[in-house]
Amino acid sequence: MSERTLTVWQGKVRIRVLSKGSGPALVFFHGPWGLQWDPFLDELARAFTVYAPEHPGTTPEAPDDVYHLDGLWDLVLCYDELLEALGLESAALVGHSFGGMVACEVAAAYPGRARRLALIDPLGFWRDGDPVVNWMMLEPARMRAHIFRDPDGEAARRMLDGADEPEAAAAARVRLTWAMGTTGKFIWPIPDKGLKKRVHRIKAPTLLVWGKEDRLVPPIYADEFARRIAGARVQTVDGAGHAPHLEQPAAVARMVSEFLKA
């Protein structure tokens, strides 16, 4: 794996990008709990060159850079500049949760940037009868239960507990809390920032992957996305909640890879 930090937004925003693999370009936008290189990304890197940027402000060395961005549109423009800096005129865009919303927004604003689009339990819409749970207001145990089908499983421990050593675990919790705060800036108080007005601009073939037991963003939202994105198709994942790529990495990587190669 390699990493590099690129500077965008008139030199004011630093974004660290992890990359691995060979083959067609794939950009992965992580969820609101920060970026961790995980088995799912390793699987994708077998067939693609995976680029995984950290959302502005979540890079430990540059936490205050997020203050230079006033809203979601600034974030989308930042990512357009980042793709330009990476030399990626077009790539497969894959996103989870908040990152799925970002991938959607980039694909809607710049249709040519997205060769194909794979969205894993994305945010972006709001249904009054099926509200998205505000995870930032949940105490830790309840948050675990809303994100994961098995809140005590390996995937949950890897993402939420950090390391075994107390000092490292405390640092990991601080990073996770800060990541929720910085990404929350772009979706507070609800994750409906007008995507429904722009989503029709998406031209890329689109796959929606949804954990069958998602307790954070109800699976009914898969139908909402499929209805609004022309030609989109949906695949559900058994034995998974809001983070199916972490609870069932091999199965989800296979779904995504087969779709992107088609």
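**View 1. Lys12 sits partly exposed, with a relative accessible area of 39%.** Here, buried means under 20% relative accessible area, exposed means over 50%, and partly exposed lies in between, using a 1.4 Å probe and protein chains only. This is a predicted model, in which local features need pLDDT of at least 70, side-chain atom pairs count only at pLDDT 80 or more, and totals for chains, interfaces and linings use all residues. Residues are numbered from 1 along each chain as its sequence is written, and side-chain values use heavy atoms, with hydrogens and water left out. You will find Lys12 in the loop between β1 (2-8) and β2 (13-20); helices (H or I, at least four residues) and strands (E, at least two) are DSSP runs, numbered from the N terminus. Leaving aside neighbours within four places in sequence, Lys12 is in contact (heavy atoms within 4.5 Å) with Thr7, Asp65 and His68. The C-alpha atoms of Lys12 and Tyr67 are 9.5 Å apart, although 55 residues separate the two along the chain.

**View 2. Strand β7 (residues 206-211) is mostly covered, with 6 of its 6 residues buried.** In a regular strand the side chains alternate between the two faces of the sheet. Look for Thr206, Leu208 and Trp210 pointing one way from β7, while Leu207, Val209 and Gly211 point the other way.

**View 3. Strand β7 has partners in β6 and β8.** Two strands pair if DSSP finds at least two bridges between them. β6 (residues 114-120) runs parallel to β7 and is joined to it by 4 bridges, with Leu117 opposite Thr206 of β7. β7 also runs parallel to β8 (residues 233-237), this time with 5 bridges; Leu207 has Arg233 of β8 as its bridge partner. From β7 the chain crosses through helix α8 (residues 220-228) to β8 in a right-handed β-α-β crossover. Right-handed means that, with the strands pointing away from the viewer, the path from the first strand over the helix to the second runs clockwise.

**View 4. Helix α3 (residues 98-109) is mostly covered, with 11 of its 12 residues buried.** Among the buried residues are Phe98, Met101, Cys104 and Glu105. The end C-alpha atoms of α3 are 17 Å apart, which agrees with the 16 Å that its 12 residues should span at 1.5 Å a residue. The expected span of a helix is 1.5 Å times one less than its number of residues.

**View 5. Helix α6 (166-184) packs its buried residues against α3, α4 and α5.** Its buried residues include Ala169, Ala172, Leu176 and Met180. α6 has 19 residues and reaches 27 Å from its first C-alpha to its last, close to the 27 Å expected.

**View 6. The second largest pocket has a volume of about 210 Å³.** Of its 13 lining residues, the closest to its centre are Pro140, Met143, Arg173, Leu176 and Met180. The largest share of this lining, 4 residues, comes from α6. On a 1 Å grid over the protein atoms alone, a pocket is an open set of points with protein on both sides within 12 Å along at least five of seven lines, a cavity is a set where a 1.4 Å probe fits but cannot get out, and lining residues have an atom within 4 Å of a point. Grid points are joined across faces, edges and corners, and a volume is the space filled by probe spheres set on the points.

**View 7. The largest cavity has a volume of about 160 Å³.** Of its 14 lining residues, the closest to its centre are Gly34, Asp38, Met159, His245 and Leu246. α5 (154-160) and α9 (244-247) each supply at least two lining residues.
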